[in-house]
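Biologist: I am new to this one. Can you put it up and take me through a few parts of it?

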Amino acid sequence: MNLPPEFIHNIEGVFGEAGSQFLTDLPILIEQASRTWNLTDVQPASNLSYNFVAFAERGDEQVVLKMGVPNSEMKSEIVALSLFQGEGACRLLDCDEEKSWMLLERLQPGVMLSTLEDDEEATNIAADVMQKIWRPLESASLLANAKGQTPAQKPAPARQKFIRLSDWFDGLKELCVMFSGGTGPLNKKLMERVEGSVKDFLAENHRPVLLHGDFHHYNILSSERGWLVIDPKGVIGPACYEVGPLLINPWGELLSGRDHQAMTKRRIDILHDRLGFERERIREWGLAHAILSAWWSIEEHGDWHYALAFAEMIADLEPK
């Protein structure tokens with residue numbers, strides 16, 4: 001089976017021996033899933049990253065097969081899609097949570113939001129979709145009901161399966177460990193600013209919601225049902241965090257060509273008007289996510305320069 005070298009590198013780099021075994025077993029796993037769900041004409045997607053994704057047919061239906069190394073993020077994604085129930089998101093048609101298999105609705109035409117030239121239109125679309133998918137934490141009881149159990153039988157069925165935003169930001173402490181108490185290539189003042197603002201935001205957040213967690217232009221696709229998200233992380237935290245991945249994307253392109261400061265200010269204005277968050281809060285979550293992204297890139301020995309450049313840019317913006 002011919003797999004892209006970058007995909008192989010990602011899987012082995014992130015998952016180690018389990019990743020290597022997954023790649024070895026992949027042809028058998030695809031065959032097993034195809035038998036389970038009566039799939040034919042299974043064609044791998046061209047842009048594989050950290051999961052195997054393929055287009056397939058189930059009778060007359062066009063579907064997507066997604067498989068990965070079993071891990072907590074895959075389980076979180078499955079539960080999130082179950083709770084979204086196709087509202088603002090692609091539909092989860094079937095799954096095997098233990099094996100980390102998903103059978104998904106195929107979105108047609110499936111054009112990414114990043115292809116829109118009008119950034120204001122794209123930002124308004126993103127705001128629409130954002131509000132459709134957010135779920136109060138209490139709605140986790142829906143999952144219990146869907147499985148024939150009452151909330152009393154399973155009081156918080158999804159809480160343990162979701163990623164906690166606080167855990168992501170706790171990971172920033174590892175940066176100081178890596179650089180013997182310093183912040184490496186990251187700006188120390190910006191790090192301290194992010195640590196303070198995130199601590200305050202999390203402390204005041206009495207009603208956390210279920211977020212996508214990786215909400216950006218490449219994860220919002222056109223469909224016959226309108227614009228819908230794919231690949232949710234399934235994160236529990238303050239709703240305003242969701243603007244962070246949106247503001248920094250399209251990745252690598254935002255700081256080139258156009259007046260990125262004016263465009264980012266306009267995005268903040270639109271998100272303020274549509275979502276009701278204070279402009280300063282939107283800016284600070286944009287900064288926080290940029291610093292977090294830079295840390296993740298450092299941790300994975302990737303290129304952190306774009307994330308840091310965006311962080312320095314948005315940190316100096318003065319919203320209206």
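Modeller: A salt bridge joins the side chains of Asp 231 and Lys 66, at 2.8 Å from N to O; the term stands for a side-chain nitrogen of Lys or Arg within 4 Å of a carboxyl oxygen of Asp or Glu. This is a predicted model, where local features need pLDDT of at least 70, side-chain atom pairs count only at pLDDT 80 or more, and totals for chains, interfaces and linings use all residues. Residues are numbered from 1 along each chain as its sequence is written, and side-chain values use heavy atoms, with hydrogens and water left out.

Biologist: Which parts of the chain does the pair link?

Modeller: Distant ones, 165 residues apart: Asp 231 is in the loop between β10 (228–229) and β11 (235–237), and Lys 66 is in strand β3. Strands (E, at least two residues) and helices (H or I, at least four) are DSSP runs, numbered from the N terminus.

Biologist: How many salt bridges by this rule?

Modeller: The count comes to 16.

Biologist: OK, β3. What order do the strands of its sheet have?

Modeller: β1-β2-β3-β5-β4, an open sheet of 5 strands with antiparallel pairing; two strands pair if DSSP finds at least two bridges between them. β1 (40–44) and β4 (92–96) are at the edges with a single partner strand each, so one side of each has no neighbour in the sheet.

Biologist: How many bridges join β2 to β3?

Modeller: 7, between residues 52–58 of β2 and residues 61–67 of β3. Ala 54, for one, has Leu 65 in β3 as its bridge partner. Helix α2 (residues 72–84) packs on this sheet and touches β3, β4 and β5 (101–105), where contact means heavy atoms within 4.5 Å.

Biologist: And the sheet with β11, what order does that have?

Modeller: β6-β8-β11-β7, an open sheet of 4 strands with mixed pairing. β7 and β11 run parallel, joined by 2 bridges, and Ile 163 stands opposite Val 235 in β11. Helix α2 packs on this sheet too, touching β6, β7 and β8 (209–211).

Biologist: Changing topic. Which helix gives the largest share of the lining of the second largest pocket?

Modeller: α7, with 5 residues. A pocket, on a 1 Å grid over the protein atoms alone, is an open set of points where a 1.4 Å probe fits, with protein on both sides within 12 Å along at least five of seven lines; lining residues have an atom within 4 Å of a point.

Biologist: Which residues line it?

Modeller: Among them are Ser 166, Phe 169, Val 194 and Leu 202.

Technical notes: Axes fitted to C-alpha atoms, helices over the stretch in contact; angles between N-to-C directions.
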